[in-house]
Amino acid sequence: MPWPKVTAERHRSFNALEAVTKMCDSIPRSLLSLSFQSTSDAVRKTLGRIAQAVADAGQNPTATNNIELAMAEALNNVVEHSFRDRENGQILLSIMLLEDSFRISIRHDGTPMPGLRLPAGKPATIGNEIANLPEGGFGWFLIRSLIIDATYSHRENWNELVLRFSRHPAR
């Protein structure tokens, strides 16, 4: 197949910088990669770093807060449930910037999810009395309402939860 003929008009309209920028935008880019202990204090510090990383990548403030909220729930679940019977554990977190989303991976060596699958995320049944509100059942419903999708896997004593969030550029 012959190369297309390059006319003077076509040559003038080609912007190499714009073409390279578009190509680079479609390549996943690592925003943050860190390791921390499975403690509430470490989670609190990590949440600030997550929010800063997605904000620095151009996420608008409301969407940044939503990512931080979902990540607080997910990371606190890991600490409270996967490391309930252990003094210390290791959590690895990475954030990748994709063309249309943020991909956040949480890997840890704690107890696997029951049944090796994600919870359904259905809202908890709420009665009429505040004193009888259930203790749990809200977290996964909240997480699922703030993400595009989630996957979970367990291999060789490691768990990995991957949450994907939409990109909403600051204007």
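How many salt bridges does the structure hold? In this predicted model, the structure holds three salt bridges.

**First selection: D41 and R44.** D41 forms a salt bridge with R44, and the closest N and O atoms are 2.4 Å apart. Both residues belong to helix α3 (residues 40–56), where they are three residues apart and hence separated by about one helical turn. D41 is partly exposed, at 47% relative accessibility, whereas R44 is exposed, with a relative accessible area of 53%.

**Next selection: R86 and D109.** A salt bridge joins R86 to D109, with 3.4 Å between the closest N and O atoms. This pair links distant parts of the chain, 23 residues apart: R86 lies in the loop between α4 (61–82) and β2 (90–97), and D109 in the loop between β3 (101–108) and α5 (139–146). R86 is partly exposed at 36% relative accessible area, and D109 is likewise partly exposed, at 24%.

**Next selection: R164 and D149.** These side chains meet in a salt bridge at 2.8 Å, N to O. Because R164 lies in strand β5 (residues 158–166) and D149 in strand β4 (residues 149–155), the pair ties together parts that are 15 residues apart in sequence. The relative accessibility of R164 is 22%, which counts as partly exposed; D149 is partly exposed as well, at 31%.

Over the face of W158 lies R107, at 5.0 Å from the ring centre. As for pairs of aromatic rings, the count comes to zero.

Conventions: Residues numbered from 1 in each chain as written. Predicted model: local features only at pLDDT ≥ 70, side-chain atom pairs only at ≥ 80, totals over all residues. Heavy atoms only, no water. Phe/Tyr/Trp six-rings, centres within 6.5 Å; stacked < 30°, edge-to-face > 60°. Lys NZ or Arg CZ within 6 Å of the ring centre and 35° of its normal. Salt bridge = Lys/Arg side-chain N within 4 Å of Asp/Glu carboxyl O. Helix = DSSP H or I, 4+ residues; strand = E, 2+ residues; numbered from the N terminus. Buried < 20%, exposed > 50% of the residue type's maximum accessible area, 1.4 Å probe, protein only.
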